[in-house]
Amino acid sequence: MSNIGSYEKRIRNFSWDTAGEILNWKEGELLNIGDICSDRICRMGKGEKPALIWEGFGDRSSTYTFNDLKAYSNGFARFLTEQGIEPGDRVCIFMDKIPSLYFSFLGILKMGGIAQPLFSAFGDESLEVRLAGAGTKAILTTGKHVRKVRKIRDRLPQLKKVIVVEGNPDKLKEGEIFFDVEEAPRIDEFEVYRSGPETPSVLHFTSGTTGQPKGALHVHNSIWGQALTTSWVLDLRDDDVYWCTADPGWVTGTSYGIIGPWSLGATQCVLDSGFTSNRWYKFIQDNRITVWYSAPTAIRALMKDGDEVVGSYDLSSLRHLASVGEPLNPEAVIWSGEVFGGLRFHDTFWQTETGAMMISNYPGMEIKPGSMGKPFPGIEAAVLDLATHEPIEEPGKVGLIAFRPGWPSMFRQYWKKPDIYRSKFVGAAEDAMPEDLRQDRNLWYVSGDRASIDADGYFWFVGRDDDVINTGGHLVGPFEIESALVEHEAIAEAAAVGKPDEVNMEVVKAFVTLKPGYEPSDELELDIMNFIRKRLSPLAMPQEIEYRDKLPKTRSGKIVRRYLKAIEWGEDVGDLSTLSDE
Ligand code: PRX
């Protein structure tokens, strides 16, 4: 029997209080994610249970118990407090998936700070935009990545502390501090910050179609949603060994790679080394992984490498598979059933903003390959008519995916951008404040995606409603890429769009016009690609650059990405009457 049991029954009797029961949390108790995920598990007598089984490049590996998790997160909490970091301060975590990432995440929450994890492959410009945007006070990084911080530090007056948690302390520059939590004295007791449900916890930056990325702010109360979905969708139990392949630089890696599983006291595995099918299957085999949460791009890459590779490993420990981040194609669902002993990937749909799964396939419920499944109990979901924004009743008709506000893990604001937050809600009054919007059950929060609902209530993803590029399950904002492209000495104008890709679903393609004196060449193309890779990230790097004499524009001079994108996807280019003839 699965944790959820009957989906229909759960819907009928739903209350978010069930999350409190699962967490064994009593009214009036401290509500702090850092405490709930480590100290509380120890208080329940599970201190000696493995919390983190970690493997890195080469043969590096280590295992940490919940007692270790408690002590090392305390270590970070104490250290940050001693450094003058105060509750509410944003503390960035900028490192690979090393153990200190996980310890520091909980440590920041324990001292009342706001954890701001950023993907370690980000280049200096991506980093700067997000640190400046959040007014980040401290950054925790490693010897491998600190160079990028050095490049931008002068331009970030609010960034008071640069703390290096791994590497060679002799290589530090002036003004940088070294702190290796495993070498420092073990801190078994720390007085956890008395946070409440609405105390800010995590700030994740996410890309939109216009403007620079926005910081989606979450609160400690999010754990209600993360714990319950981890139990009912991922079906995690006490004896499971769980693997979430996501990096905590993205929301999946924090909601389901830290908070959800540890709130339930589950043992989880982390693999900090590049992707190869052999390495992944061996990791599952060696650690006897039972529950696996991954992404369509990875599944497609495994599929491409063939069934023979799968067959050479003992993967019999697996019992439940789930996926998130991009459309999971039916072939991948069917293939997984064939090669993993009848186990099919269960697609889940959600976003940085939603903080937890919103539409999913549940254990025991029939999977329709290609469908994202049904709304989580307690979540009111609909698709809204593209023009009128009224819920669509007719099965199969495409509209905008929308949710009634008020679920526990919902983002509470875009950091310092109340107008953009407001714009995500249909029916919001012009002067509505974020705290009113997030609980007004007369409004709809609109996700920015299109889908249809079939006669059985299953949701079918259609595509995004904007120009954001989803490459390998990671969102990249075209504006951020275009802004970086025009900083290149040769480029006059630029447009970035997603183009179809067999494995990554989409990759970035750039259309550029050159400044006088520059000629298109392969060398220049390579130079532009590297320029973006270094400044932004490998994800944002265009895989193709097309030189144009001019870019399509509206009469008011705005570049029309929609037109270029339609050409890439072989779609109807639509109404061109607003384009300039220039
Ligand atoms: O476009 C949808 C796509 O990823 C977006 C959210 O990205 P992000 O905020 O980075 O969070 C990623 C992981 C939670 C969505 O707006 N997306 C996510 N899950 C799916 C999906 N598209 C299709 N099917 C999914 N299951």
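**Cavity, pocket and domain boundary**

Tutor: The lining of the largest cavity divides into three nonpolar residues, six polar and no charged. Here Ala, Val, Leu, Ile, Met, Phe, Trp, Tyr, Cys and Pro count as nonpolar, Asp, Glu, Lys and Arg as charged, and the others, Gly among them, as polar. The model is predicted: local features need pLDDT of at least 70, side-chain atom pairs count only at pLDDT 80 or more, and totals for chains, interfaces and linings use all residues. Residues are numbered from 1 along each chain as its sequence is written, and side-chain values use heavy atoms, with hydrogens and water left out.

Stay with the largest cavity. Its volume is about 40 Å³. A cavity is a set of points, on a 1 Å grid over the protein atoms alone, where a 1.4 Å probe fits but cannot get out; lining residues have an atom within 4 Å of a point. Volume is the space filled by probe spheres set on the points, which are joined across faces, edges and corners. The lining consists of Val202, His218, Ser222, Gln226, Val251, Thr254, Ser255, Ile259 and Gly355. Helix α9 (residues 251–263) gives the largest share, four residues. Helices (H or I, at least four residues) and strands (E, at least two) are DSSP runs, numbered from the N terminus. In total, the structure holds four cavities of 30 Å³ or more.

Now the second largest pocket. A pocket is an open set with protein on both sides within 12 Å along at least five of seven lines. This one has a volume of about 540 Å³. Its lining counts 28 residues; Thr209, Lys214, Ser423, Lys424 and Asp466 lie nearest its centre. Two elements give two or more residues each: β20 (425–426) and β21 (444–453). β21 has the largest share, three residues. By class, this pocket's lining has eight nonpolar, 13 polar and seven charged residues.

Where does the second largest pocket lie? Domain 1 (7–360) and domain 2 (380–464) both give residues to its lining, so it lies between them. There is also a domain 3 (470–569). The bounds come from an automatic or database domain assignment.

Look at that boundary. The C-alpha centres of domain 1 and domain 2 are 27 Å apart. Between domain 1 and domain 2 it is about 2000 Å², with 68% from carbon and sulfur atoms. Two salt bridges are counted between these domains. A salt bridge has a side-chain nitrogen of Lys or Arg within 4 Å of a carboxyl oxygen of Asp or Glu. Arg412 and Glu198 form a salt bridge through their side chains, at 2.9 Å, N to O.

Key:
Buried area is the accessible area (1.4 Å probe) that two parts lose on being put together, summed over both.
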